[in-house]
Amino acid sequence: MTLDYDRLYLAGGWAEPAATQRIPVHSATTEENLGSVPEAAEADVDLAVTAARRAFDDPSGWSRNPRLRAEALERFAVALENRAAETSRRVTVQNGMPISLAQQFEGGFPPVLLRYFSELATGSPQEEIRPGMLGGSSRVLREPVGVVAAIVPWNVPQAITFLKLAPALAAGCTVVLKPAPETVLDAMLMCEAAAEAGLPEGVLNVVPGGRELGAYLIAHPGVDKVSFTGSTAAGRSIAETCGRLLRPVTLELGGKSAAIVLDDADLASTIESFFAATLLNNGQICWLGTRVLAPRSRYGEVVDTVTDLARSLAVGDPLEQTTQLGPLVSARQRDRVESYIAKGLGEGARLTTGGGRPAALDQGWFVEPTVFADVDNNHTIAQEEIFGPVLSVIPYADESEAVAIANASEYGLGGSVWTSDPDRGEAVARRVASGTIGINGYSNDPTAPFGGIKSSGLGRELGPEGLHSYQVFKTIYRDPSKG
Ligand code: NAD
């Protein structure tokens with residue numbers, strides 16, 4: 001049975017779409033049709049932005065009433081929890097994410113984010129009085145920025161959606177969200193949760209569509225702020241538009257992070273964390289450490305450990321609880337990854353495992369976990385984001401060279417340091433040019449800012465910093481002589 005939706009969640013309810021085009025969705029594992037949703041047209045975006053604007057401008061409504069928001073967001077969290085199993089399942093069948101990960105990231109994380117940001121924004125005062133240095137005082141307010149256009153990719157669709165929705169809604173903004181066409185079925189389930197939670201009319205609107213619709217949305221005159229996660233190429237184009245419009249924008253883009261193995265590392269004892277930091281979600285996460293930097297003194301041993309890890313992975317149906325590596329999201333994505341594998345071979349890197357399609361799986365967009373040794377940091381496979389299960393092991397002579405190689409990248413998003421001395425690891429981590437980095441593991445905790453530098457993006461999500469990106473500061477000065 002396929003999942004076919006006829007209406008769009010817009011302007012406080014389920015609305016008839018303006019046009020008749022539909023977005024078909026396919027299983028990454030079986031390539032079968034899973035269902036379809038209406039493709040939003042520009043007229044639907046106009047309706048959504050108008051509804052969001054009206055909801056935001058209501059003088060006693062969402063943007064001005066923290067209690068109303070706290071109660072509605074708690075109902076939303078509960079409605080999502082009730083759908084967590086089905087959300088995880090839908091993500092897994094659409095994009096190939098192993099179900100054990102989908103349960104954690106896609107089913108589990110959104111309610112956590114809603115509650116964290118709701119408490120942060122509505123449980124504490126968003127204003128303070130500052131005694132002045134020049135006499136008088138200033139009241140400093142943090143106000144919601146307005147109508148937010150949020151655009152998300154397909155790789156971790158629900159968690160990334162809530163990296164934006166949770167702080168934006170908690171701050172008092174209203175949102176028009178555009179999900180990626182590859183993963184619209186989980187987005188529709190999220191709409192059902194929002195409808196059940198009774199979010200006030202216009203507070204959240206969802207417009208499924210492709211890049212043209214996204215470009216129309218971010219440039220819409222009724223939008224006050226843009227939040228985008230996706231490729232660096234699309235991010236640049238969005239930044240250009242926002243620059244011209246002087247519109248605030250948060251960009252979470254690509255990465256090519258380094259996993260630095262120090263000469264005292266016991267990689268075998270941290271191999272599960274190493275897997276999570278380098279190959280999670282079939283290699284389709286922006287912060288993964290896909291350049292493994294190994295000391296020349298132990299190079300052969302590190303190559304063997306990483307190769308053994310890749311060979312040991314359970315590759316197969318992502319709905320199986322034990323699967324560690326599923327298919328890539330689409331035939332297009334598989335072509336892209338295979339073209340990088342060909343480039344690696346062409347540039348002289350040494351393939352130690354993988355490189356092809358798993359022999360036992362004749363359906364689905366699978367690529368074998370692949371490791372290249374003897375990679376030079378200037379090789380294409382070390383410089384460009386592949387977004388698949390492909391690791392490059394690069395040798396270095398000493399710590400300074402490791403840091404120099406890690407930093408010789410267009411990107412600066414994630415990374416990790418592997419060592420039996422965490423203090424030494426932290427000293428190295430401080431020298432790596434990156435927005436985030438882990439010692440003997442990697443994680444995005446809700447309390448700490450996440451984001452990149454250089455071509456990995458602008459601004460931060462998560463933590464109080466993530467909330468502040470949906471707020472504007474306003475100062476009200478009082479002259480003491482006038483009382
Ligand atoms: P993509 O940039 O092609 O698409 C992402 C989203 O943006 C989709 O919803 C798409 O429809 C929309 N879009 C594309 N071009 C647009 C434009 N010009 N204007 C408005 N909207 C546009 O990326 P993708 O292939 O879907 O996702 C993979 C990429 O996303 C990878 O490069 C990955 O590194 C990046 N990513 C980054 C993060 C992060 O937090 N830094 C997280 C996940 C994915």
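I started with the layout: the protein chain splits into domain 1, residues 3-253 + 456-475, and domain 2, residues 258-445. A reminder to myself is that this is a predicted model. I then looked up the spacing, and the C-alpha centres of the two domains lie 31 Å apart.

**Entry: the record**

I checked the UniProt annotation next. The unreviewed entry gives "domain: Aldehyde dehydrogenase" for residues 14-476. Over that stretch I get 40% helix and 19% strand.

**Entry: the contact between the domains**

How many residues of each domain are in contact with the other? I find 31 residues of domain 1 touching 32 residues of domain 2. The area buried between domain 1 and domain 2 comes to about 2400 Å², and carbon and sulfur atoms give 58% of that area. On the domain 1 side, I noted that Thr-29, Trp-154 and Ser-456 lose the most area to domain 2. Together these three residues make up 22% of what that side buries.

**Entry: polar and charged pairs across the boundary**

I counted 10 residue pairs in polar contact between domain 1 and domain 2, with both residues at pLDDT 80 or more. Which helices supply at least two residues each to the side of domain 1 that touches domain 2? They are helix H3 (84-95), helix H4 (99-122) and helix H8 (232-245). Helix H4 gives the most, with 6 residues. Sorted by class, this side of domain 1 has 12 nonpolar, 13 polar and 6 charged residues.

For salt bridges between domain 1 and domain 2, my count is 1. I also looked up Glu-410, which forms a salt bridge with Arg-236. Their closest N and O atoms are 3.0 Å apart.

**Entry: salt bridges in the whole structure**

Side chains of opposite charge can pair when their charged atoms come close. I find 20 salt bridges in the structure. One more pair I wrote down is Arg-89 with Glu-86, a salt bridge whose closest N and O atoms are 2.9 Å apart. Where do Arg-89 and Glu-86 lie? Both are in helix H3, 3 residues apart, or about one turn of the helix.

Note on methods: Residues numbered from 1 in each chain as written. Predicted model: local features only at pLDDT ≥ 70, side-chain atom pairs only at ≥ 80, totals over all residues. Heavy atoms only, no water. Domains from an automatic or database assignment. Contact = heavy atoms within 4.5 Å. Buried area = accessible area lost by both parts, 1.4 Å probe. Salt bridge = Lys/Arg side-chain N within 4 Å of Asp/Glu carboxyl O. Polar contact = N/O pair within 3.5 Å; in protein donor to acceptor, adjacent residues only side chain to side chain. Helix = DSSP H or I, 4+ residues; strand = E, 2+ residues; numbered from the N terminus. Nonpolar A, V, L, I, M, F, W, Y, C, P; charged D, E, K, R; others polar. UniProt positions renumbered as here; feature names shortened; annotations may be inferred.
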